[in-house]
Amino acid sequence: MRRGYTAADVRAAERPLLDRGLGETLMARAAYALAQVCLRELREHAGGAYGRRAVVLAGPGNNGGDARIAAGHLARAGVGVELVDALALDAADAPALGRRLADAELVVDGVFGTGARPGLPAALASAVAHWREARGQREPGRNTPAADVPAGHRRGPEGTARRRGPRPGTQRVIAVDIPSGVDGTDGTTRSDAADGLPEYIAADVTVTFAEEKAGLLLPPGRVAAGRVEVADIGVEIDTAPDVLSLEPADLAGVWPTPAQTAHKYSRGVLGLLAGSAEYPGAAILTATAALSTGVGMLRVLTAEPARTAVLQACPETVPGEGRVQAWALGPGAPEPERMQAIMHQIAADAAGSTAQDGSARPGSRVPPAVLDAAALDLLDGPLAFPAVLTPHAGELSRLLGRLGEPAAREEIEAAPVRYARRAAELTAAVVLLKGAVTLVAVPSGPVFAQSAGTPWLATAGSGDVLTGIIGAALAAGFLEGASHEDLPRMAELAAAAAEIHGLSAWHHHPDGGSPRRGRELRQGPQLGHEAGHRRPGPVRARDLAWAVRDTLSGLLGA
Ligand SMILES: NC(=O)C1=CN([C@@H]2O[C@H](COP(=O)(O)OP(=O)(O)OC[C@H]3O[C@@H](n4cnc5c(N)ncnc54)[C@H](O)[C@@H]3O)[C@@H](O)[C@H]2O)[C@@H](O)CC1
Ligand SMILES: Nc1ncnc2c1ncn2[C@@H]1O[C@H](COP(=O)(O)OP(=O)(O)O)[C@@H](O)[C@H]1O
Ligand SMILES: [K+]
């Protein structure tokens with residue numbers, strides 16, 4: 001499990017040590033750890049440290065202090081270091097600095113640290129844009145690992161005429177504590193007014209101190225940070241983390257598995273209302289995913305012709321009504337009246353209003369629900385039963401509008417954690433906001449951030465698969481029903497489902513390579529781009545729904 005802390009909590013933990021006069025000691029430890037990582041990266045990616053060129057960008061605070069001391073260590077190891085006072089940069093010098101940045105084997109970003117706010121000062125942003133341009137990159141992005149560079153680019157003369165400096169894949173960018181331009185607590189950045197590109201210094205590796213900062217786990221900071229290494233500098237944080245990320249190795253401990261004596265009803269029954277005459281496929285995808293996840297029984301309540309389509313694709317499915325332990329409602333535009341009726345019934349059961357003797361049964365445990373797609377469009381206030389909502393940014397924008405706090409899709413994409421949390425408060429539900437990094441928020445408590453997937457997952461039907469996985473997990477995880485007190489556990493299951501969904505895109509390897517199993521799978525890809533993992537190819541939602549089974553078998557050690 002990765003844990004991310006707010007800047008305020010990190011500061012508070014450092015305070016007693018600073019009060020005891022240990023500031024310089026801490027900085028010396030941080031700088032030493034940073035220099036060690038820089039030297040190792042140079043050895044691994046540039047063939048050595050001696051004689052290699054480094055540009056160290058140093059800011060005005062302690063982050064700059066760490067970078068300056070590390071620059072001394074690097075120089076003593078024979079690295080040719082140029083130390084740049086990043087805030088004293090003149091706009092006229094930005095193009096030249098951009099070229100020197102492009103030419104260096106190592107760039108150390110010590111501009112802003114725990115105190116960082118989104119964005120970069122104008123002259124520095126301009127230098128970073130020139131650097132990007134000289135490297136032939138359109139967007140901020142770490143240098144493509146050598147293994148991922150297409151063979152044609154790797155051989156022969158050094159790239160195109162526009163490409164300068166070290167071979168692609170040999171330049172390493174190391175962020176000190178946090179990539180500058182990214183907010184350490186919420187991971188947000190600012191976009192350049194002229195070209196619309198986000199203003200941050202994308203790193204290959206971030207060396208962070210004491211504990212991970214929340215912004216390193218949240219989008220887009222998580223993408224900007226590359227691989228994160230935590231250096232122990234003797235600072236202990238004893239407050240609760242603000243952001244959590246489940247890793248593949250955590251999933252076996254989180255995921256509900258059947259007891260030895262289980263039978264199909266005690267494994268959990270999922271009720272599915274998905275699909276319509278227009279979109280029968282969505283019901284097939286959600287049903288296939290739920291069955292691949294190992295649900296005890298799947299009941300499908302959808303009307304014809306989607307019902308026959310599901311029964312033909314998934315012969316295990318049981319048509320019609322009956323008792324269920326969880327609900328999955330909404331993919332493929334099923335009948336709104338039917339969804340409303342089911343939600344009203346769960347809410348009534350949760351309120352206890354259906355007690356036979358007329359007595360109030362407040363807080364009754366009821367089957368929890370995952371509400372997706374069309375079901376989200378029926379919501380306009382706090383939910384009276386425990387639910388997981390699974391919007392993408394566009395759906396969340398519509399939902400927030402109905403809840404009286406409109407936000408455009410772009411606003412949500414720029415500050416996803418803020419809107420996911422707000423939606424969870426307003427709906428009294430778990431809100432899983434889909435994206436390259438999927439966030440899972442509860443009305444109060446830490447947010448989960450999961451990023452096992454690949455951009456190939458962004459394909460129609462992929463969300464329907466996620467709904468099926470979540471539904472099956474809720475059915476198995478809440479055999480006795482759930483109440484609002486269970487929202488944190490529901491969020492944990494939804495986060496685990498998002499991780500399994502993402503890993504399944506890697507697992508299903510379209511080139512026919514052997515599926516990734518066991519230990520290899522549990523280690524998982526880190527944002528996909530780490531060396532050692534092949535890139536997956538196109539994902540078909542149907543294959544993804546099938547692949548979930550192999551993913552789970554690998555993760556659970558079957
Ligand atoms: N405080 C400690 O105990 C330790 C801190 N360490 C380092 O200290 C760093 C924190 O140092 P500081 O608190 O001095 O803060 P920073 O170095 O992060 O920030 C310095 C200044 O830059 C300004 N700034 C931030 N974002 C800006 C932006 N986008 N545009 C313009 N100005 C901006 C801030 O207002 C602040 O005044 C950590 O990240 C870490 O690298 C380490 O030396 C280890 C010990
Ligand atoms: N760039 C990306 N990287 C990784 N995963 C992504 C990316 N973009 C989207 N996804 C994932 O793909 C899925 C798309 O779901 P959704 O938009 O609901 O599709 P649909 O409704 O067509 O099924 C989500 O799980 C989302 O997190
Ligand atoms: K930094």
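**View 1. The shell around ligand 2 is made up of six nonpolar, nine polar and two charged residues.** Here Ala, Val, Leu, Ile, Met, Phe, Trp, Tyr, Cys and Pro count as nonpolar, Asp, Glu, Lys and Arg as charged, and the others, Gly among them, as polar. This is a predicted model, where local features need pLDDT of at least 70 and side-chain atom pairs count only at pLDDT 80 or more, while totals for chains, interfaces and linings use all residues. Residues are numbered from 1 along each chain as its sequence is written, and chains are lettered from A and ligands numbered from 1 in the order in which they are written. Among the residues closest to ligand 2 are Lys 434 and Gly 463 (a residue is near a molecule if its C-beta atom, placed from the backbone, lies within 6 Å of it).

**View 2. Now for the shell around ligand 1, with its 26 residues.** Gly 61, Asn 62, Asn 63, Gly 113 and Gly 115 come nearest. Helix H3 gives the most, five residues, and helices H1 (7-19) and H2 (23-46) each supply at least two.

**View 3. Zoom in on Ala 494 and the residues it touches.** Leaving out residues up to four places away in sequence, Ala 494 touches Val 388, Val 430, Leu 432, Val 440 and Ile 470 (contact puts the two C-beta atoms, placed from the backbone, within 7 Å).

Methods
Helices (H or I, at least four residues) and strands (E, at least two) are DSSP runs, numbered from the N terminus.
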